[in-house]
Amino acid sequence: MSTIEKRFLAVKQRVENAAKRVHRQPDEITLVAVTKTWPAETVLAAYQAGMREFGENRAEELANKRAEIEAALGRTHDITWHQIGTVQSRKTKLVAEHADCFHALDRVRIAQRLSRVTESAGKVLPVFVEVNISGEGSKAGFDCSNWEHDATQLSALRNGAEAIINLSGLRLQGVMTMAPFSAKPELIRSVFQRTRRLAGWLQIQFPETELSRLSMGMTDDFEIAIEEGATHVRVGRALFGSRTNPI
Ligand SMILES: *Cc1c(COP(=O)(O)O)cnc(C)c1O
């Protein structure tokens, strides 16, 4: 068995164990294999190992790698490409054209630009709205660092979500967050719990829109995320090893 196959099996086992601990079905959880910085050959090896959901955090890298993979496997494949990193205005077209799912929607302006492109291509892009729960300045997303006590934060998120829901080229499907870097497990868990509660609040605001998805958890914390309700975990290093050029 190849290293990649072994790692994939090990991560899937960890996903399953975490799900079982909280009486969830493992198949409710989508494991997004984060291939940023790795070449197309790595993605092909991962594909051979059985992976079908790939995540990139830079739009050009996603577009280029997707083209390479499609050159190798053909266009009628079964891969879902996730844009997991935030996008600047001038990169929205790339994401609209090449991503199948976008996890880091942090501004209405970006949503409008994305929707203009997907709409004219006759496509609807599933998106997650990104929220910054930990309050770390380095994190993108709607500031929800004190949402339990701050009506202004809540109404900004509510208005943002409403604007996104009303765009016909996008389909808002849930909330995404990043845990604080190198924090203690208890703090990470509380960030995930607060994200889940916030997503529950948002669902009540928009009962007609299915907002049940939660994108949270990476190599260092995906098991905690699953225990706290993640439906999408974004895992790079546990599958591919450490990146020589970390971004
Ligand atoms: C790189 C990245 C990940 C994966 O990180 P690992 O620690 O390698 O699992 C997840 N989400 C986002 C947004 C990323 O940029």
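## Side-chain contacts in a predicted model

Glu97 and Lys93 both belong to helix α4, where they stand four residues apart, about one turn of the helix; helices (H or I, at least four residues) and strands (E, at least two) are DSSP runs, numbered from the N terminus. This is a predicted model, in which local features need pLDDT of at least 70 and side-chain atom pairs count only at pLDDT 80 or more, while totals for chains, interfaces and linings use all residues. Residues are numbered from 1 along each chain as its sequence is written, and side-chain values use heavy atoms, with hydrogens and water left out.

The side chains of Glu97 and Lys93 meet in a salt bridge, at 3.0 Å from N to O, a term that stands for a side-chain nitrogen of Lys or Arg within 4 Å of a carboxyl oxygen of Asp or Glu. Glu97 is partly exposed, with a relative accessible area of 40%, and Lys93 is partly exposed at 49%; here buried means under 20% relative accessible area, exposed over 50%, and partly exposed in between (1.4 Å probe, protein chains only). Salt bridges that share partners also join Arg21, Arg189, Glu227 and Glu228 into one network.

A search of the whole structure finds 18 salt bridges, and the table lists some of them.

| Salt bridge | Closest N and O atoms |
|---|---|
| Glu28 and Arg24 | 3.0 Å |
| Glu60 and Lys91 | 2.8 Å |

Glu60 counts as partly exposed at 33% relative accessibility, whereas Lys91 is buried at 17%.

Turning to the rings, the structure holds one aromatic pair. The ring centres of Phe54 and Trp81 are 5.7 Å apart and their planes meet at 40°, so the pair is tilted; rings of Phe, Tyr and Trp (its six-membered ring) pair if their centres lie within 6.5 Å, and planes under 30 degrees apart count as stacked, over 60 as edge-to-face and the rest as tilted. This pair links distant parts of the chain, with Phe54 in strand β2 (residues 53-56) and Trp81 in strand β3 (residues 80-83), 27 residues apart. Phe54 is buried, with a relative accessible area of 0%, and Trp81 is buried at 0%.
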